[in-house]
Amino acid sequence: MSKVQSSIIVYRPMEEVFDFMVSPYSGPAFILSLGENTNINPEKTQMGQTYDWQFNIGEVVLKGKGEVIEFDRPHTIKIATAGDSSSTWTYVLKEEGDGTRVTVEIEYDFLETVYKRLTDNKIDIDEFGQKTAEQMLKNLKVIMEGAHR
């Protein structure tokens, strides 16, 4: 299993950042390769919420199911995924100065057939994972801070 981590400060209240980023409806807005989340149940994010996801890495489309396995508003959410990849996405939020420090840690592994498709397409999986973690937090910052200018 591989692991990536990234952190950023978002200058918005912690509850506001948390509520936006934990919604499966918001995910595709700031996680660039996340094509969609569907079949979200229940609608409101909470422990045990499930949904179907589609993640696009280059021309390789991955699909699976996600489930919220830890939920402590507004501090922590952990989501486990299964399907073409197995992963755990952990978001931790802490107040820092006038903003909110958001840290994401993603642990992931791919089915052997998916791994082969990715490497056949010359995708450096670990580099892609790290860039995804960094870019999603940058996107989150732009969305959250830009909405209040």
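1. Start with Phe-128. Its relative accessibility is 24%, so Phe-128 counts as partly exposed. Keep in mind that this is a predicted model.

2. Compare Phe-55. Its relative accessible area is 11%. Buried means under 20%, so Phe-55 falls in that class. Trp-89 is buried too.

3. Which residues do ring pairs link into a cluster? They are Phe-55, Trp-89 and Phe-128. The structure holds five aromatic pairs. In one of them, the ring centres of Phe-55 and Trp-89 lie 6.3 Å apart. Their planes meet at 65°, so this pair is edge-to-face. Phe-55 sits in strand β3 and Trp-89 in strand β6, 34 residues apart.

4. Phe-55 also pairs with Phe-128, again edge-to-face. Here the centres are 6.5 Å apart and the planes stand at 90°. Phe-128 belongs to helix α4 and Phe-55 to strand β3, so the pair ties together parts 73 residues apart in sequence.

5. Now the sheet. It is open, with seven strands in the order β1-β7-β6-β5-β4-β3-β2 and antiparallel pairing. The edge strands are β1 (2-10) and β2 (34-41). Neighbouring strands are turned by 20° against each other on average, direction ignored.

6. Look at β4 (residues 60-72) and β5 (residues 76-83). Eight bridges join these antiparallel strands. Val-68 stands opposite Ile-79 in β5.

7. Two helices deserve a look. Helix α3 (residues 112-120) packs on the sheet and touches β3 (50-57), β4 and β7 (99-110). Its direction makes about 120° with that of β4. Helix α4 (residues 125-146) lies across β1, β3, β6 (85-96) and β7. Helix α4 runs at about 20° to β1.

Technical notes: Residues numbered from 1 in each chain as written. Predicted model: local features only at pLDDT ≥ 70, side-chain atom pairs only at ≥ 80, totals over all residues. Heavy atoms only, no water. Pairing = 2+ DSSP bridges. Helix = DSSP H or I, 4+ residues; strand = E, 2+ residues; numbered from the N terminus. Axes fitted to C-alpha atoms, helices over the stretch in contact; angles between N-to-C directions. Contact = heavy atoms within 4.5 Å. Phe/Tyr/Trp six-rings, centres within 6.5 Å; stacked < 30°, edge-to-face > 60°. Buried < 20%, exposed > 50% of the residue type's maximum accessible area, 1.4 Å probe, protein only.
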